[in-house]
Amino acid sequence: MPASDVSRYVIVGAGAIGGTLGGLLARAGAPAVLVARGRHAEVLAADGLTLRTPDGTFRTPVSVTSRPEQVHLTEHDVLVFATKTQQLDAALQEWVDRPVQGTDGTAGELLPAMTALNGIAAEEKALRYFARVFGICVWLPAVHLEPGEVIVRSWPIAGQFHLARWPAAVTTAADADFLTGLAETWSAAGIRTRVTSDVAPWKYNKLLSNLGNGVGALTAGATDASEILAALRAEGEGVLRYAGIEFVSFEISKAVRADGPTIRPVPGWDNGSTNSTWQSFTRNTGNAETDFFNGEIARIAHRNGIAAPLNAAVARAVRVAVREGAEPGRYSAAQLAQVLGIDASAPSQA
């Protein structure tokens, strides 16, 4: 599908990532429909999406639905999955067998599926259902806490995406044309979007950054948790290198993001800790994405006959906190370091 043939972006999940993308596309005049749930969907339908930014608050009318059967798909639609990873399987199953009007095929057979999620598991999940999967590495400092509202901490460039066909080896000329046009549309809307030959090394780079999400939630963003964060990242890098997994260095990713989002204060908001796990704690969602961040490092370690004790311990601490309905800040940095046994900072033989 050439990008010029795209008639609509169907964004499944209207939280911080999906809501920002959908709102920006709507503001730019690019047709999009947001798939949301509950009170969030009700407010979006009645009042539109409120984007609170460093440069002011903008209310944008958006098309919204809460059920897949309300969306009549055509072969010119693009599905963008922007849920949390732990919610993705259910979303994929809801959409994969939806009929595509004017054809004898289904969404899974015919439509591009974009995975705008953190972690490294989404793309392989999507391949179980969709023939054409495109991975996205997301850098988007946004917060979704209240129905109908997203706090976008950078403006007018709200975020930066890297994207490619997944896996890279199956990329076709048609895929390249599609991605080039999509990148132009999304960049013009306010998300700096770059097509890369292989998005996996970028997503592993972001995975290493997300290893601190659980720490941020457990300590409410304690400023003296830097030793813990460094130890988690060092362990994660060690596991990836042991497994022979390529990842973009932080020196490169920092340089490439120089023209991307720049976080600034948002008027009327306390500008506190904002990562996705912290948001899950705050909204008391009953789940968190940490098993696909720190738990992913543990999985890779176990698959290769080694251990990642620090990351496994963070994943466990978050699971316990979620089960008990804890708010951000269950531990001080010192208490969490003690829980983790922070001296065990390198992967060891299992």
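Is T50 buried or exposed? T50 is buried, at a relative accessible area of 13%, where buried means under 20%, exposed over 50% and partly exposed anything in between (1.4 Å probe, protein chains only). This is a predicted model, so local features need pLDDT of at least 70 and side-chain atom pairs count only at pLDDT 80 or more, while totals for chains, interfaces and linings use all residues. Residues are numbered from 1 along each chain as its sequence is written, and side-chain values use heavy atoms, with hydrogens and water left out.

**Confidence**
- The protein averages a pLDDT of 93, and 96% of the residues score at least 70; pLDDT is the predictor's confidence in each residue, from 0 to 100.
- Watch residues 344–350, where pLDDT stays under 50 and the model has 21 contacts beyond four places in sequence; contact means heavy atoms within 4.5 Å.
- Where pLDDT is low, the predicted coordinates should not be read in detail.

**Domains**
- The protein splits into domain 1 (8–197) and domain 2 (202–340), with bounds that come from an automatic or database domain assignment.
- The C-alpha centres of domain 1 and domain 2 sit 24 Å apart.
- Domain 1 puts 40 residues into the contact, and domain 2 puts in 36 residues.
- UniProt, in an unreviewed entry, lists residues 10–154 as "domain: Ketopantoate reductase N-terminal"; UniProt positions are given in the numbering used here, feature names are shortened, and annotations may be inferred rather than shown by experiment.
- Residues 10–154 are 30% helix and 28% strand, and their end C-alpha atoms lie 24 Å apart. Helices (H or I, at least four residues) and strands (E, at least two) are DSSP runs, numbered from the N terminus.

**Nonpolar cores**
- A nonpolar core here is a set of buried Ala, Val, Leu, Ile, Met, Phe, Trp, Tyr and Cys residues joined through side-chain atoms within 4.5 Å.
- The largest one has 73 residues, and L79, F81, W95 and F130 have the most contacts inside it.
- Helix 13 (residues 309–323) supplies the largest share of this core, seven residues.
- Why does this core lie between domain 1 and domain 2? Both domain 1 (8–197) and domain 2 (202–340) give residues to it, so it lies between them.
- Another core, of 40 residues, lies apart from that one and includes L49, V78, I136 and W186.
- Leaving aside neighbours within four places in sequence, F130 touches L79, F81, L92, W95, V96, A107, G108, L111 and A113.

- Helix 13 has 15 residues, which should span 21 Å at 1.5 Å a residue, and its end C-alpha atoms agree at 21 Å apart. The expected span is 1.5 Å times one less than the number of residues.
- Buried in helix 13 are L310, N311, A313, V314, A315, A317, V318, A321 and V322.
- The cover over those buried residues includes helix 8 (213–218), helix 9 (226–243), helix 11 (276–283), helix 12 (294–303) and helix 14 (333–340).
- After helix 13 comes G325, with a positive phi near 70°.
- Helix 9 has 18 residues and reaches 26 Å from its first C-alpha to its last, close to the 26 Å expected.
- The buried residues of helix 9 are I228, A231, L232, E235, G236, E237, V239 and L240.
- Just after helix 9, G244 has a positive phi of about 75°.

**Residues to click on**
- T50 belongs to strand 3 (residues 49–53), and beyond four places in sequence T50 contacts T57, F58, R59, G148, E149 and V150.
- E149, in strand 10 (residues 149–152), counts as buried at 17% relative accessibility.
- Besides T50, the contacts of E149 beyond four places in sequence include H40, L49, R52, V143 and H144.
- F161 is found in strand 11 (residues 159–166) and counts as buried at 0% relative accessibility.
- F161 and H144 are 17 residues apart in sequence and 19 Å apart in space, C-alpha to C-alpha.
- N284 lies in the loop between helix 11 and helix 12 and is exposed, with a relative accessible area of 52%.
- N284 and E324 are 40 residues apart in sequence but 9.9 Å apart in space, C-alpha to C-alpha.
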